[in-house]
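Please open the model in a viewer that can select by chain and residue number.

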Amino acid sequence: MSTATLEPRVRARKNYLNADYGWRSWLFTVDHKRIALLYLVSITFFFVIGGSFAVLMRIHLVEPQGALVQPETYNKLFTLHGIVMIFFFLIPSIPAVLGNFLVPLMVGARDLAFPRLNLLSWYIYVVGGLFTLYSAIAGGADTGWTFYTPYSSTYSNTQVTAVAIGVFVSGFSSILTGLNFIVTIHKMRAPGLTWFRMPLFLWSIYATSIIQVLGTPVLAIVLFALLLERVFHVGIFTPALGGDPLLFQHLFWFYSHPAVYIMILPAMGVVSEIIACFSRKRIFGYKIVAFSSVAIAVLGFLVWGHHMFVTGQSVYAGLIFSMLSFLVAIPSAIKVFNWTSTLYKGSISYEAPMLYALGFIGLFTMGGLTGLFLAALATDVHLNGTYFIVAHFHYIMVGGAVMGYLGGIHFWWPKISGRKYPNGWAQLAAAIIFIGFNLTFFPQFMLGYLGMPRRYAFYPAEFQVLNVMSSAGATVLGVGYLIPLVYLIWSMRYGPVAESNPWPATGLEWKTPSPPPTENFAETPVVTEEAYAYAPEEAAGD
Amino acid sequence: MVFLGLIGLTALTTGVAFIDLGPFNTVVALAIAFCKMLLVLLFFMGLKYSSGIMRTVVIAGFFWLALLMGLTMGDYRTRSWSPAPDSWSATAPPTHP
Amino acid sequence: MTETEARAHHPGLAHQFQDLEQQQETDTLGIWIFLVTEIMFFGGLFAAYAIYRWLYFAAFEGGSHILDIKLGAANTMVLLASSLTMALSVRSAQTGNRRSTVMFLVATMILGSIFLVIKGVEYNQKFEEHVVPTLDWAPQGETLAKIAPGGVGHAEMYFIFYFAMTGLHAIHMIIGMGLLLWLVLRARKGTFTGGYFGPVEVVGLYWHFVDIVWIFLFPLLYLIGGRY
């Protein structure tokens, strides 16, 4: 803190931040870097909203009979918490913020393939968000983020229509972003940047984009059908009118399972970048990690039935989905082994991004392993619908994806803002987040195993101790999240000015000034070395 | 040219609908539709002359759709198959519809 | 100015691209990927349709016999013709022929309008026969006789899919008409000459896709089980 001085208003070099002033230059921009910042502000806003719902839930759950709200309200809280966090924070987070900012820089291009489509993506996202906010203010929906029929389509009296429209609209934002990235990576790589010289972050963004493009339209059509049913009272998914509720679930989970890979793959890409930089070593097994990313994307589409083991689908379908679910764990595990092999004999330092990346590896592994319990049919019968599932996906989504996101923000902050943040505070925040996270969610594994159901506003008294522990942890976690908000905003004005390559790291994005000029590169760069050329004399095997 | 082929196939498919082929009516109709689609894809949309990546993209799209339909339909079709009886001397499983 | 330089400084070239060729390849790849998303979008609806058709075949067959096969076949021909005129307009734009580009685009629009009019006539017929789910569902007489064997409730499911699928298709057609109008206005000014024809090709691909959807809708909705 003592080194940070009030930076005088120096005549700053022209960059994308000061290239133009006024709200019009931001809201009508086609510069991918500015659009990334637009997304950064909006998703942070939704993170606060979704997080507030979580805080209210955890306060409510300190008492077995509920301490805060009516059960009907509790149902609305967990529904909106899920919808906001998944569709308006996690899915866009790394792709729309870090991806938008970095993909053109990493491929050495001036912008994405379709800059105006990129801006349209953001506006579509905002419209979807407005519908969701409206539904929250107008009373909320209580169906769970999974919208299971026929409750959501026929029987619920809450704001299901509004929030379903919000999610439907936001899906198109996701599709267009994915489309933009695929085309950019195929068609706009700089001379010399072959596929196998690309940073692994680009590979993971590419795999994510494939999922976004192929899966999200199915979510769109199933929500469209849900809205038809709700508005016109037809019976597509309602048994009383001849429909099958399981058809809704098939179509819904066909997207929503790959959606979780949309949320985790970019974080894995970030972790690859950070691990390489802070071990000063090439990622061990580059090609295998690249192929694993694509394998996760493809295999992820084959496992959706594991959300439906206890809903009445055919036993044979369940068998196949169970087997495929075990299969999809393999590429993820391969990546974890590759990261740890990279760390071995590396020259490791513990700056804030590295702490997030290391935390990711541990927590993601735990979350992933618990997924295996759930992939086995027999144990899933016991664990389904309990807090075990809640803990499982929070370990991956929060312990994994959010930590990957924060790690990425901290790693590329100097490039994005041109400023450095105080490393001590950042490391402290990372530690607080790690501790708070585990305190919040580890008790939930135990609660689930002992039988506490999820989505319940009350519980048997013997579970109170674990619930209180979880809520206490949530408080710590919340504090941990607030700290970066403070020092990152502080750094934009008072942080030390960052050079082009502060860490230093490899990759084209570090070869341009911090912050970059609007056109990214003065001349088109030419790539002559492999990715992660940290120690040229290193004879690391591939 | 291609257009005449498409018109011919449309006439064919409509005419076939008036002949009784049992369950094959659907198969034939879909097969004809598939041929029409191929004609449009290859010639009107230029896929015959396009690079490998465009073709990969299109094939991937249809493959994914096949995944969706196949696995979902698989659930419905196998629901009535009962699980294996848990004793060797148990009664035979009911026949499939 | 050499041809290479002309292509690198064409007024239609966007700032993020090196040259016109990269831009056109990128645009083409982009629209193909978009069409794949449309395949999955319609595909979800087709998948749901396939399930219910298998479950309630008799009802779907009955419902299908209520549709007018002549109008359906006519519409198929109209749309195929419009694909032809669209392809010809793309060819005209590639060769820089302003007049025939405009002519074929207008022809495509006319054929598209004919399709929509026939669709409107068919929808109107459904109202007259009272087979519109929820809004006007009261099948009687001969209509009722056709669908009663499979179950009136399940026949309603058929008509839900009929309206949802053809309605979604019609929405895509209307959007396509808007895109064609935009192209006509630009083509009249001579925008698509001198090697720049990207937008025409992109809209062409979209239009062909909408045609392909109908190529499948026709047998799936109109030709169930045969009429003999």
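Helices here are DSSP runs of H or I with at least four residues, strands are runs of E with at least two, and both are numbered from the N terminus.

Before moving on, note that this is a predicted model, in which local features need pLDDT of at least 70 and side-chain atom pairs count only at pLDDT 80 or more, while totals for chains, interfaces and linings use all residues. Residues are numbered from 1 along each chain as its sequence is written, and chains are lettered from A and ligands numbered from 1 in the order in which they are written.

**Chain C: around α4 and beyond**

Next, select G96(C), which follows α4(C) and has a positive phi near 75°. Then select Q94(C) together with G194(C): these residues are 100 apart along the chain, yet their C-alpha atoms are separated by 8.5 Å. G194(C) belongs to the loop between α7 (152–188) and α8 (198–222) of chain C. It is partly exposed, because 14 other C-beta atoms lie within 10 Å. For this classification, C-beta atoms are placed from the backbone; a residue is buried with 20 or more others within 10 Å of its own, exposed with 12 or fewer, and partly exposed in between.

Move to H130(C), in the loop between α5 (98–128) and β1 (131–132) of chain C. Its phi is near 60°, a positive value in a residue other than glycine. With 15 C-beta neighbours inside 10 Å, H130(C) counts as partly exposed.

Colour chain B by element. Chain B has three helices and zero strands, in the order α-α-α from the N terminus. Of its 97 residues, 24% are buried. Among contacts in chain B with a separation of 6 or more, 27% join residues 24 or more positions apart; a contact requires C-beta atoms, placed from the backbone, within 7 Å.

Now display the interface of chains C and B, where 32 residues of chain C are in contact with 33 residues of chain B. On the chain C side, α2 (20–55), α4 (69–94) and α8 each give two or more residues. The largest share, twelve residues, comes from α2(C). By class, this side of chain C divides into 23 nonpolar, seven polar and two charged residues. Nonpolar means Ala, Val, Leu, Ile, Met, Phe, Trp, Tyr, Cys and Pro; charged means Asp, Glu, Lys and Arg; the others, Gly among them, are polar.

Turn to chains A and B, where eleven residues of chain A are in contact with eleven residues of chain B. The chain A elements giving two or more residues are α7 (200–232), α8 (245–279) and α10 (315–343). α10(A) gives the most, with three residues. This side of chain A has seven nonpolar, four polar and no charged residues.

For backbone geometry, select T149(A) and P150(A), joined by a cis peptide bond with omega near -5°. P150(A) is in the loop between α4 (115–137) and α5 (151–155) of chain A. A cis peptide bond also joins S514(A) and P515(A), with omega about -10°. P515(A) is in the segment after α15 (464–494) of chain A.

Y532(A) is likewise in the segment after α15 of chain A. Its phi is positive, about 55°, although it is not a glycine. Y532(A) is buried, with 26 other C-beta atoms within 10 Å.

**Last stop: confidence**

The mean for chain A is 93, and 96% of its residues reach 70 or more. Over residues 1–10 of chain A the pLDDT is below 50, and this stretch has nine contacts in the model beyond near neighbours in sequence. Where pLDDT is low, the predicted coordinates should not be read in detail.

Definitions and conventions:
Two residues are in contact if their C-beta atoms, placed from the backbone, lie within 7 Å. pLDDT is the predictor's confidence in each residue, from 0 to 100.
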